[in-house]
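Hi,

Here is the structure I promised to pass on to you.

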Amino acid sequence: MAMVVCIDFTASNGIQTAPTSLHYHTVNKRSQYEEALHEVCAIVLDYDTDKLVPCFGFGAKVNMPSFNTYNKVHHCFPINGSETNPNLFQLAGIEEGYRKCLPFLQLSGPTYFAPLLR
């Protein structure tokens with residue numbers, strides 16, 4: 001089995017800096033997305049032999065140093081910014097990748113899954 005992570009960064013989740021957002025976190029408290037990632041990945045990763053997990057986001061305008069959508073919504077982007085190697089290693093890598101990408105995203109939309117499924 002090979003695990004793949006896809007995270008919803010559409011505006012329906014709320015602005016990530018607002019306490020009501022599903023992406024809101026503090027130094028001492030995980031976001032609701034981090035809680036879900038932690039719980040699901042902790043189980044599914046036991047069945048992924050290499051623990052290298054391609055991690056993608058959708059529904060955001062991305063302004064990463066290595067990946068920029070120039071103010072256009074992207075529906076399938078690597079959360080680590082690497083189109084050639086979107087893999088993150090183990091649960092700690094996934095959680096770190098998620099936290100690191102948030103400041104470079106403007107949540108937008110709409111929710112459009114087709115590019116992720118391809």
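The largest nonpolar core in this predicted model has 24 residues. Those with the most contacts inside this core are Val5, Phe9, Phe77, Ile79, Ile94 and Leu105. Several elements each supply at least two residues of the core: the strands S1 (5-8), S2 (52-58), S3 (60-63) and S7 (105-107), together with the helices H1 (32-44) and H2 (90-101). H2 gives the most, with four residues. As general background, nonpolar side chains tend to be buried together in soluble globular proteins.

Leaving aside residues up to four places away in sequence, Val5 touches Leu37, Cys41, Val53, Pro54, Cys55, Phe56 and Ile94.

Now for the chain as a whole. You will find three helices and seven strands, and from the N terminus on they run β-α-β-β-β-β-β-α-β-α. Among contacts with a separation of 6 or more, 63% are between residues 24 or more positions apart.

Of the 118 residues, 41% count as buried. The chain exposes about 6,800 Å², and carbon and sulfur atoms supply 58% of that area. As for charge, there are 8 positive and 10 negative side chains, and the centres of the two sets lie 9 Å apart.

Enjoy exploring!

Technical notes
Residues are numbered from 1 along each chain as its sequence is written. This is a predicted model: local features need pLDDT of at least 70, side-chain atom pairs count only at pLDDT 80 or more; totals for chains, interfaces and linings use all residues. Side-chain values use heavy atoms; hydrogens and water are left out. A nonpolar core is a set of buried Ala, Val, Leu, Ile, Met, Phe, Trp, Tyr and Cys residues joined through side-chain atoms within 4.5 Å. Buried means under 20% relative accessible area, exposed over 50%, partly exposed in between (1.4 Å probe, protein chains only). Contact means heavy atoms within 4.5 Å. Accessible areas come from the Shrake-Rupley method with a 1.4 Å probe; for residues, only the protein chains shown count as cover. Lys and Arg count as positive and Asp and Glu as negative; His and the chain ends are not counted. The place of a charge is taken as NZ of Lys, CZ of Arg, CG of Asp or CD of Glu.
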